[in-house]
Amino acid sequence: MLAILVWAIEGMDLNMGNGRITNHPILDFKEGRPVRFTFDGKELEGYEGEPIAAALHASGVRVLRESPELKRPRGFFCAIGNCSSCLMTVDGRPNVRICVEKLREGMNVTTQKGKGVLLADN
Ligand code: FES
C-alpha cells in the first residue's frame, strides 16, 4: 500500500501555488481556456470546463458552505456529486453541486445559506 502511495506521489506534479495537479501518472488533464467568474461578488479566474469547485480551490476557497443545523464550515467531502457538502447558488439556481458543475465564462457563484431560495421568474 505504501509503495502505491509513494509511486502515485512521485508521478504527480502538484502545482502547490494554486492547488491544481498539473501532471498525473495515469490521468490526463486538459485545460480549457481561462475564463472569469464571480464568487460572492469577487472576480476570479478559472479554466472553462473544470468543476467550479476546482476553480474555487485554486483561488484559495476552502469553505464551501455551512452545516444547516450547527452552522459549521464544510468543505469537500465526496467531490463526485454524491453528497451535499458543496451546494452553492449558481446564476440564481440554488443547490448546485459545484464539484461536478462545469465552469463557464461569466458565472455568478454565491455561498448558499440554509436550503437556498428559488427566485421567481420575471
Ligand atoms: S463534495 Fe459531495 S457533492 Fe460535491
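In this predicted model, confidence in the protein is lowest in helix H1 (residues 2-11), where pLDDT has a mean of 52, and highest in strand S3 (residues 34-39), at 98. Over residues 1-8 the pLDDT stays under 50, and for these residues the model has 1 contact beyond four places in sequence. For the protein as a whole, the mean pLDDT is 86, with 84% of residues at 70 or more.

Strand S3 belongs to an open sheet of 5 strands, in the order S4-S3-S9-S7-S8, with mixed pairing. Strand S4 (42-47) and strand S8 (93-97) are the edge strands, and each of them pairs on one side only. From one strand to the next, the twist averages 40 degrees. Strands of a sheet pair through backbone hydrogen bonds, and the pairing can be parallel or antiparallel.

Consider strand S7 (residues 87-90) and its partners. S7 and S8 run antiparallel and are joined by 3 bridges. Leu 87 stands opposite Arg 97 in S8. These two strands form a hairpin with 2 residues between them, and in this hairpin Asp 91 takes a positive phi near 50 degrees. S7 also runs antiparallel to strand S9 (residues 108-111), again with 3 bridges. Here Val 90 has Val 109 as its bridge partner in S9.

Which way do the residues of S7 point? In a regular strand, side chains alternate between the two faces of the sheet. In S7, Leu 87 and Thr 89 point one way, while Met 88 and Val 90 point the other way. All four are buried.

Definitions and conventions: Residues numbered from 1 in each chain as written. Predicted model: local features only at pLDDT ≥ 70, side-chain atom pairs only at ≥ 80, totals over all residues. Pairing = 2+ DSSP bridges. Axes fitted to C-alpha atoms, helices over the stretch in contact; angles between N-to-C directions. pLDDT = per-residue confidence, 0-100. Contact = placed C-beta atoms within 7 Å. Buried ≥ 20, exposed ≤ 12 C-beta atoms within 10 Å, placed from the backbone.
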